[in-house]
Amino acid sequence: MKRIVTIAGLGLIGASIAKALKPIAENYIIGYDIHSETLQYAKSHGIIHEAKADYTAAVLQADYLILAAPISESIRLLAALDEMQLSKKLIVTDVSSVKQSMITTANQLQNKAVSFVGGHPMAGSHKKGVQAAKAHLFENAIYVLTPTERSTEHDVHALKSLLLPTHSKFLILEADEHDEMTGVISHFPHLIASSLVHQAKHWEETHAYLPNLAAGGFRDITRIASSNPTLWQDIFYHNRKKMSLLLEEWITEMQHVKLLVEENNKQDMIAYLEAAKLYRDGLGTKEKGAIPSYYDLYVDIQDQTGALAHVTQLLANSNISINNIQILEIREGIMGALRLSFASEKLQKISEQTLNEAGYETMVEK
Ligand SMILES: NC(=O)C1=CN([C@@H]2O[C@H](COP(=O)(O)OP(=O)(O)OC[C@H]3O[C@@H](n4cnc5c(N)ncnc54)[C@H](O)[C@@H]3O)[C@@H](O)[C@H]2O)C=CC1
Ligand SMILES: O=C(O)C(=O)Cc1ccc(O)cc1
């Protein structure tokens, strides 16, 4: 029997789920999006079986509905189910980064045919839109499910079975617990990353050369500030209570840090940095985070013509593809470092061996 799955919102997340679910013979994927070009793209690239430009028509046939629009839009799409005459049971889930406002809307629904289980696949990208979608986006990532008053254990089980091809790891959480944790480890760091970029921009007025000094550290810590601003505004809005509490806590923490700097007590400062290092080092580095981290290899090279080409050629000869290359430090006459990023630990290891054999010094961050 066919399992009819409607996905409303075919952007990065919706289309990635569609790509993961479509190869399963039992699934029939209907796509709905407010942008006709997105629908056309999804249909013509085989991401969905069928495109529907009308939301009600897309929902009426479905056994499952995945709401993958921006959070505020997904809330509207969920509430609109009360206006529909559904002839069969509909298991509804969403992918929103904040859960409480979705769950509150779900618990107010009157339509008895609707069962709702909140969802949040905790993987993403700084890109947006259907063209950035990838079938393997959620592989090994945490996929949070939040059961509600409007769902049974059987519904949760059915939804997990549907989402199995995403190859993610399911985790059941309460909405409030989810919003607090993601507030701390995902949403709040975004705000801080953006504010650090603002600080640098401000100082560029005084030091025009400043952007050229933006080295690895600044780039690493602000990488997430390059994400989709509309998406993040929506996240901050829906998690505003937690964000406000975290900001207060942060301001207090910064006052403490200010004292540490001003008082210049060597021991206290080292203890503060040590405690942070200890905790940070203990976080699994190779566990897949929300934004996939690549397997990096640092290579020391002499600053001489052709050094970069030589390294890449050596790896190309071994059929190793490099996902990203960053030149960390190149100054005349001294050693420079390349950061090469690979898609897997295996490629990282082979590259290390290949380059070591050719006489290059390498380093893998532990
Ligand atoms: N981008 C990320 O890294 C992650 C995002 N999420 C969540 O996924 C959801 C979608 O985000 P993305 O896919 O990144 O955004 P996106 O901007 O790539 O895609 C959103 C899609 O929804 C469509 N859309 C907008 N309003 C609509 C409506 N009323 N009806 C139907 N379609 C509509 C847009 O045309 C677009 O195709 C958000 O709720 C976000 O919180 C969850 C995990 C990661
Ligand atoms: O790592 C991050 O914070 C990301 O930017 C990717 C992301 C964005 C939104 C989510 O709800 C989950 C993951």
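How many residues of the shell around ligand 1 are nonpolar, how many polar and how many charged? Select that shell and colour by class: 15 are nonpolar, 11 polar and 3 charged. Here Ala, Val, Leu, Ile, Met, Phe, Trp, Tyr, Cys and Pro count as nonpolar, Asp, Glu, Lys and Arg as charged, and the others, Gly among them, as polar.

Before going on, note that this is a predicted model, where local features need pLDDT of at least 70, side-chain atom pairs count only at pLDDT 80 or more, and totals for chains, interfaces and linings use all residues. Residues are numbered from 1 along each chain as its sequence is written, while chains are lettered from A and ligands numbered from 1 in the order in which they are written.

**Around the ligand.** In all, 29 residues surround ligand 1 (C-beta, placed from the backbone, within 6 Å of it). The closest are Gly9, Gly11, Ser97, Gly124 and Lys128. Two or more shell residues come from each of α1 (12–21), α4 (71–79) and α10 (229–238), with α4 giving the largest share, 4 residues. Helices are DSSP runs of H or I, at least four residues, numbered from the N terminus.

**Along α10.** Next, pick tyrosine 237, which sits in helix α10.

**Into the core.** Now show the largest nonpolar core, 62 residues, a set of buried Ala, Val, Leu, Ile, Met, Phe, Trp, Tyr and Cys residues joined through C-beta atoms within 7 Å. Ala18 and Ala42 touch the most other members, and α1 supplies the largest share, 7 residues.

Key
Buried ≥ 20, exposed ≤ 12 C-beta atoms within 10 Å, placed from the backbone.
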